[in-house]
Amino acid sequence: GAPRGLKMAMGENPKRTYGPRGQMPMTRMGSAAVMREAFVKAAEYRKKWDDYLAGDKKTPRPDRDLKLEVLADVLRGKVRTHVHGYRVDDILTLFRIADEFGFKVASLQHALSAWKLAAEIARRGVGVATFADEWGFKHEMADSRLDAAAILHKAGVRVSLQTDHPVNEQRFLVHEVAKSVKAGLPEAEGFRAVTLNPAWMLGLDVRIGSLAVGKDADLVVWSGHPMRIASHVDVTMIDGEVVYERAK
């Protein structure tokens with residue numbers, strides 16, 4: 001019963017993927033153009049099917065296009081969009097496209113410059129899944145701040161923290177939380193950044209992400225404070241079943 005999700009990307013990743021091939025999109029403008037063209041086609045596809053399903057006898061049954069079907073469901077609000085991008089101009093370009101076609105962005109992924117747009121992101125109710133201190137291996141990461149999660153939270157943005165492992169070196173999620181808490185994120189929000197907030201971005205917060213009656217019993221019992229480097233996991237439960245016990 002989980003909602004469907006769609007990942008899109010802005011900025012350097014599409015450029016360095018398609019640029020060496022000499023294929024669109026090789027630039028930021030190209031990425032926006034490709035995205036807009038796809039949603040124009042999706043809007044036309046959605047209208048054809050909506051007219052057909054409404055019983056318009058003048059409308060022949062449209063041919064199915066599985067790619068456009070997914071994008072049409074984005075426009076219908078049936079698919080949650082998660083968009084990778086770092087820079088302010090990428091985020092604002094995405095918001096303009098979302099406004100043009102009337103779909104909502106569920107989360108910004110990585111988004112190291114999002115702290116500069118905290119108020120606008122909060123106004124739109126968009127989540128931000130970011131790093132605690134990832135920086136430097138490409139130019140668009142230059143605006144990274146250790147207190148970015150704290151700035152976003154203070155503005156009213158729901159923040160989650162990620163490691164991007166195994167793309168980057170192995171990291172432990174609770175240590176990423178500890179860094180952000182040290183930089184000003186309230187401790188309770190630090191825990192929500194790896195539990196309830198990411199569940200909310202995925203549309204799964206009714207099932208997971210917090211300890212509440214009726215939710216899945218996914219629990220971890222620690223030997224000490226989870227953010228302490230010396231603490232370890234004693235017990236892990238999934239759906240109420242013990243799947244790991246350190247003692248054993």
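Is I238 buried, partly exposed or exposed, and at what relative accessibility? At 44% relative accessibility, I238 counts as partly exposed (buried means under 20% relative accessible area, exposed over 50%, partly exposed in between, with a 1.4 Å probe and protein chains only). The model is predicted, with local features requiring pLDDT of at least 70 and side-chain atom pairs counting only at pLDDT 80 or more, whereas totals for chains, interfaces and linings use all residues. Residues are numbered from 1 along each chain as its sequence is written, and side-chain values use heavy atoms, leaving out hydrogens and water.

I238 lies in strand β7 (residues 233-238); helices (H or I, at least four residues) and strands (E, at least two) are DSSP runs numbered from the N terminus.

Helix α4 (residues 88-101) comprises 14 residues and spans 20 Å from its first C-alpha to its last, close to the 20 Å expected at 1.5 Å a residue (the expected span being 1.5 Å times one less than the number of residues). Its buried residues are D90, I91, T93, L94, F95, I97, A98 and F101. Among the elements covering them are β1 (4-9), α2 (28-53) and β3 (105-110), contact meaning heavy atoms within 4.5 Å. Just after α4, G102 adopts a positive phi of about 75°.

Not counting residues up to four places away in sequence, V128 touches L108, I121, L152 and M201, among others.
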